[in-house]
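Subject: A structure to look through

Dear colleague,

My notes come after it.

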Amino acid sequence: MTRSDELFEQAKQTIPGGVNSPVRAFSSVGGAPRFIEKADGAYIFDADGNKYIDYVGSWGPMILGHNHPKIRQAVLNAVENGLSFGAPTELEVAMAEKVIEMVPSMEQVRMVSSGTEATMSAIRLARGFTNRDKILKFEGCYHGHADCLLVKAGSGALTLGQPSSPGIPEDFAKHTLTATYNDLESVKALFEQYPDAISCIILEPVAGNMNCIPPVDGFLQGLRAICDEYGALMIIDEVMTGFRVSKSGAQGHYGVTPDLTTLGKVIGGGMPVGAFGGRKDVMQFIAPTGPVYQAGTLSGNPIAMSAGLAQMEALCEDGVYEQLAAKTQYIAEGLKASANKHGIPMAINYVGGMFGFFFTDAEKVTSFEQVTQCDAAMFPEFYHGMLDEGVYLAPSAFEAGFLSLAHGEAELEATLAAADRVFAKMAK
Ligand code: PMP
């Protein structure tokens, strides 16, 4: 029994499933999760002393690599002054200014402590501002676990949403309409049915919670036009893509301007942070300037702001995004070439610092339906093969992979060599 196995058994006694967030439990790949002791640069180290090249990056934020000296120092400096005040600070102002400088559609911004809080608050604001109850989301997109967002499509097109978890009343879920990602017609049909009732569309501008699905040409612009036509707000959820796909987020990369944007883990550099912001007239609708209530004891926490600011400043240095994109392209194309060499069909997607690979005969994967049709047995086999080789991927075929600037040539080559050996075994 490994130390990770022992810790997992022990954890299950006191923590449901042994984990504080379900995907960590390795449910979809089998086996016990690795308990992590520390991380540095492109590597994480488990409780048994194993070292892995990490493509999870704490699910996104570690764009500079783990334990980056600039972020570590910023946190240590901030700790000297106390951990939390529950009062305004100059740091928060600096953070707001930095976010707004990087993402011009955000004219004002409010800090929260997680991505879930950011999307939940943005939706309350959109509903309050438009005085409409319904929201529209896409099947396969994840926006955190607020009640109105844990909703799946009802049976048949144009039906009201169904709760996707017990504990969410149908009366809540019925206000969430679910459309098909990359399919503007499905969105138009819902707006035609509810022309005056939909407060907002919320979407991942590159879907990273159904593997990695970029928007097809014209999809984001089409959604913008539909929102304008019907007076609904467009909320782009950049919790994953913000400052990972480009310096100005996926919205900058694809040239689309939302009314509201949600941000998350990336702006905390590894500390618990989220934010939502956008048009000033909309943001002024929040308390204390407006009637929509939203609050948080730890919002704008000085340690989190210090870590986040240090990360954002480093991300503004020249060449960061070119490097990140080149590394990502190299790993994604390398994986595909290696799989194909061994006769294993594979499709890939990548944008900026995020990538996905699919065990499928399809040339291109652009829909949630296609993701669900991929070979379900191959992913766990590949996953465990790579883990044994010292490469740590997201333990689910529905998650995107993340690169960091700390992934150098040595790590990229080692990853592709490992993949080549694993594909060779799988092909037998
Ligand atoms: N939105 C998106 C796009 C996400 O990927 C996530 C989490 N991965 C969330 C929202 C929720 O963020 P958090 O886990 O910080 O609540």
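The notes below go through a sheet, then a helix, and then a single lysine.

Please keep in mind throughout that this is a predicted model.

**The sheet**

If you trace the strands, you will find an open sheet of seven, with mixed pairing, in the order β4-β12-β11-β10-β9-β5-β8. At its edges lie β4, made of residues 108-112, and β8, made of residues 176-179, each of which pairs on one side only. On average, neighbouring strands of this sheet are turned by 20° against each other, if their direction is ignored. One example of the parallel kind is strand β5 (residues 134-138), which is joined by three bridges to strand β9 (residues 198-203), and here L136 stands opposite I201 in β9. Helix α6, residues 184-193, packs on the sheet and touches β5, β8 and β9, while its direction makes about 150° with that of β8.

**Helix α7**

How far apart should the ends of helix α7 (residues 219-230) be? At 1.5 Å a residue its twelve residues should span 16 Å, and the C-alpha atoms at its ends are 17 Å apart, which agrees. The buried residues of this helix are F219, L220, L223 and C227, and because they cover an arc of only 100° around the axis, they lie on the same side of α7. After α7 comes G231, whose phi is positive, near 70°.

**Lysine 265**

In the model, K265 lies in the loop between β11 (260-263) and β12 (274-278). Is K265 buried or exposed? It counts as buried, because it has 24 C-beta neighbours inside 10 Å, and the cut-off for that is 20 or more. Leaving aside residues up to four places away in sequence, K265 touches S58, W59, G60, P61, G115, V239 and V273.

Notes
Residues numbered from 1 in each chain as written. Predicted model: local features only at pLDDT ≥ 70, side-chain atom pairs only at ≥ 80, totals over all residues. Pairing = 2+ DSSP bridges. Helix = DSSP H or I, 4+ residues; strand = E, 2+ residues; numbered from the N terminus. Axes fitted to C-alpha atoms, helices over the stretch in contact; angles between N-to-C directions. Contact = placed C-beta atoms within 7 Å. Expected span 1.5 Å × (residues − 1). Buried ≥ 20, exposed ≤ 12 C-beta atoms within 10 Å, placed from the backbone. Arc of directions from axis to C-beta.
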